[in-house]
Amino acid sequence: MSSPLLSVRDLSVAFHTDDGVVNAVNDISFEVHPGETLAVVGESGSGKSVSAMALMRLLPSSARIQGTIEFDGRDLLGLSPRDMRRLQGNEIAMIFQDPMTALNPVFTVGNQLVEAIRIHNPKVSKRAARERAASMLALVGIPDADERLDNYPHEFSGGMRQRAMIAMGISNEPKLLIADEPTTALDVTIQAQVIEVIKRAQEATGAAMILITHDLGLVAGVAERVQVMYGGRLFETGPTETIYYRSRNPYTRGLISSIPSATARTERRLAPIPGAPPSAINPPKGCVFRPRCQHATDECFTEPGLRRLDEAALHQSRCHYAEQLGEMDTAASGSRT
Amino acid sequence: MSETPSGMSPEDVVDDAPPGSIAADVPSDAAVLAEREGMNITSRSFGRQTWDRFRRHRLALIAAIVLALLATAFIVGPWLSPYGFSERDVLNMRSGPTAEHPFGTDTIGRDLMVRTFLGGRFSLRIALIVALLTTLIGTVIGAIGGYFGGTVDTIVNQTINLFLIIPALVVLLVVGVRFAASPNSIAFLLAILLWPTIARVVRGLFLQYKEQEFVLAAKAAGARAPRIMFRHILPNTFGPIVVNATLLIGVAIILESTLSFLGVGVQPPTPTLGNLIEESKGQLDSKPSAVLIPGGFIVAITLCVNFLGDGLRDALDPTSRKG
Amino acid sequence: MFAYVVRRILSTIPLLLVGTFIVFTLTAISGDPLSRLATADVGEEAYERIIELYGLDQPIPIRYVNWMSSAIQGDMGPAPSQGSQPTFNIVMDRAGNTARLAIPAFFFIAITAITLGVYSAVKQYSKLDYFVTGFSFLGISLPTFVFGLLLQVIFGLWFFDWFGVRPFYVLGMRTVASHGWLDMVRSHVLPIVTLWLVITASESRFQRAAMLEVINSDYIRTARAKGLPRRKVILKHGLRNALIPLVTIWAIDLGLLLGGSVVTETIFAWPGLGRLLLDGIFQQDLNLTMGVIMVVSLLVVAFNLLADLLYGVLDPRIRYE
């Protein structure tokens, strides 16, 4: 395998609040290779967004970040703010969750796209940057792109704004694109379109992508690998196929059974996981998923480590019973009593 | 304002003006972020959280203690003093601070310490009456407007708007010139002019709460309007009302003393802090202490009230924090 | 846009009429001008003339309508407390004196409030932030007249005791024409500082809150994620948005400042609109009181409208149809 573009080792993020220390991310390690797509899946509060923000160095200064993040041979956490800014929006770009608020309301879309281009390419003329911005908008499927540049964000629909955000993200041909819940805030009917646009944009630039989502169903056909997070911990990681059909983790299986399926015409019920995500200040003792897990035993009061499930360690799961869990019955995987 | 389609009319911005958050009451960015990311970061009861938040606000706690001390001094002080409030020490007229008269004496030899404490007592009493009366009137009218809606609300809302455009100071001056004011009449007049500020807050809260499920449930159970308003909704609006009532004490102290300073407040010989300044402002050159001491008390009271109000806002009304 | 302005003006008129009518009624019933104008030795004939001149035999609503209809044409009647000069001329003259304080005060307020607001928001929880918070709490708790008197004590009394000079005049207005540049400045400083403190105190808090809200917004995060330098993130993306509520407040403040401050002008013996209003009320001079009220209300209304329009200019989401 090629050398990784991004290599995260033992990343932990903690916040000190008046109520105590919030351990948002605990010792996660993963890699992203050039051009590949990694999906990071988890409920809100699982630490997936915080870890992405840590990659972008966008966390507030009160955040305590430990571990190493190596990107393209550079240690991101060690870079000076100035050097980091050279990467932000240039080699690593990010698309945020809510397109309604992520664009500055008082500047035109064109102004914000041109700014993104010229901040990293000061020699590009305004006119050339504008042309490039228009071609980016066209690429993400906005008709009359040139005229649309002069519109303000509020004159765009939600889906169009997210397209504009994607255009902004890829305008400097980044090596890594981080999409943080890019479709969550959008109408269900246009979610698929926007995912399509993201894929197209990624192909056009050859960027690797980290797709952060709480919707495991979105991942199929987009990501090569999936990484499931829960309570700030990595719970399972593996190739998408493996996760979908041979998951070795009760939490992942719960997520899968809560995917509404258009293909399964059977009476399969949507089965959301009962219970609430763990407190980040006082996590449950042992396995953090234990209170919600139907398989939990006394052994689960000790925290399980990540277990390798194949030779190459492509598939790993954080569960004492990873090997013992029965084969998934896809059709009835939601069957719980 | 129907002219501004987005519903963000400039008036709204002005109306929502200073949320008044002092540095300590804005939640730390980390906590905001953690909460935004859906992290469950607290596990304490509401009462406990309220107390913790208030206690964390050290300034508010100190302010409450200072206020209590001041009030005690105002009430007990005059009894302990060897001088009566209108007793004249003709040998020591117009004196600055001395051992016998720590605050000095006025032009006709009255002890200024006794008069300042008595003045503080009257000022504080007026301010408390204003705060209570204003809150009472404002809450009842605001609740009626917000709860019943429709024509009733339109009338309430227009009345509020009308009062808000009437220049309060002009009315106070015009009325004050004509009628010699007693502490109670001044308090009453201030309350009549100030109630719309509370009414607007309460009306907004009632508009918001009356659609909520617990109210609908009470209605379905056959509760009558007054019961729903005062037993079900009012307790939920307690926080913002208490905060605003506290801040009103400061507003009332400033307004009352300003009126007295302009010569149309409480009439002498009743001392108030503003009166004392008005009586002594002619001797600013020779005896500034006679102005600065009551002035200092006014500032101390208002400052404490504002800190206290801010701490209470943080503790009782955490949703008002900007984060 | 034009239609919007017309509609706004039309919709303000009823409010203005009701407001001025209330003040007119209160003033008219609270003072009996005859007691002042017609002392016993005036004689029956003069007495009748005064009653006729001021229409005192008419019911108050009629008197109000009469006064208002001539005021609209610029005739606010004579001001008996000012030697029966035309009220309009006196008011305009005093409005100029008030503007001498209002305009410089406004500039200082705008500059300091935005600087303090932005810095304390950007450096939240820093020493400077706590200082600004303390400053605004103190300013809000300090009644204008106490602060004005304090300035007089400091600069009129203590400063002289320590250094033997009085850097500023504590009473009265001096103009370039009457006293020269230096004295003009020396007489303007303290009243301007008084106005400045009172308004800046409450505004720096508001501006801090406005800026904080902007800084924590998603589009600021987007701007940072683009790799923009911090300075540009704050000054271009942050300030431009924070300005929207701020400019609105400024316009309203300017209107209030130009209307005159009763307390500040009283303390510093400044012949402006605020003092004139107080004089009118104390002298029970109905024409004068109403004249000042009219001008002040019109200023407030006009600057509120300006605030609205500026809001539309600054925020592209708002369109006035």
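Which residue in S5(A) is the bridge partner of A:Phe71? The partner is A:Arg74, and the legends below start from this pair in a predicted model.

**Figure 1. Four-stranded open sheet of chain A, with antiparallel pairing.** The strands follow the order S2-S1-S4-S5. Strand S2 (20-32) and strand S5 (74-75) stand at the edges with a single partner strand each, so one side of each has no neighbour in the sheet. Helix H1 (residues 48-56) of chain A packs on this sheet and touches strand S1 (6-17), S2 and S4. The direction of helix H1 of chain A makes about 110° with that of S1(A).

Figure 2. A:Phe71 has A:Arg74 in S5(A) as its bridge partner.

**Figure 3. Eight-stranded open sheet of chain A, with mixed pairing.** The order of the strands is S6-S7-S8-S3-S9-S10-S12-S11. Strand S6 (92-95) and strand S11 (306-308) of chain A are the edge strands, and each pairs on one side only. On average, neighbouring strands of this sheet are turned by 20° against each other, with direction ignored.

**Figure 4. Nonpolar surface patch of chain C.** The patch is formed by C:Phe2, C:Val6, C:Ile9, C:Leu10, C:Ile13 and C:Leu17. Together these residues have about 560 Å² of accessible area. One of them, C:Val6, lies in helix H1 (residues 2-30) of chain C. Why does C:Val6 count as partly exposed? Its relative accessibility is 34%, and partly exposed denotes the range between the buried limit of under 20% and the exposed limit of over 50%.

Figure 5. The secondary structure of chain C comprises 14 helices and 2 strands. Its C-alpha atoms fill a box of roughly 85 × 60 × 35 Å along the principal axes. Chain C has 321 residues, of which 55% count as buried. Of the contacts in chain C between residues at least 6 apart in sequence, 70% join residues at least 24 apart. The chain exposes about 14,000 Å², and carbon and sulfur atoms supply 67% of this area.

**Figure 6. Chain B, with 12 helices and 0 strands.** From the N terminus on, the elements of chain B run α-α-α-α-α-α-α-α-α-α-α-α. Of its 323 residues, 51% count as buried. Among contacts in chain B with a separation of 6 or more, 71% are between residues 24 or more positions apart. Chain B exposes about 14,100 Å², with 63% supplied by carbon and sulfur atoms.

Conventions:
Residues numbered from 1 in each chain as written. Chains lettered and ligands numbered in written order. Predicted model: local features only at pLDDT ≥ 70, side-chain atom pairs only at ≥ 80, totals over all residues. Heavy atoms only, no water. Patch = residues over 30% accessible without salt bridge, like charges linked within 9 Å, V, L, I, M, F, W, Y side chains within 5 Å. Areas by Shrake-Rupley, 256 points an atom, 1.4 Å probe, with all protein chains shown as cover. Salt bridge = Lys/Arg side-chain N within 4 Å of Asp/Glu carboxyl O. Buried < 20%, exposed > 50% of the residue type's maximum accessible area, 1.4 Å probe, protein only. Pairing = 2+ DSSP bridges. Axes fitted to C-alpha atoms, helices over the stretch in contact; angles between N-to-C directions. Contact = heavy atoms within 4.5 Å.
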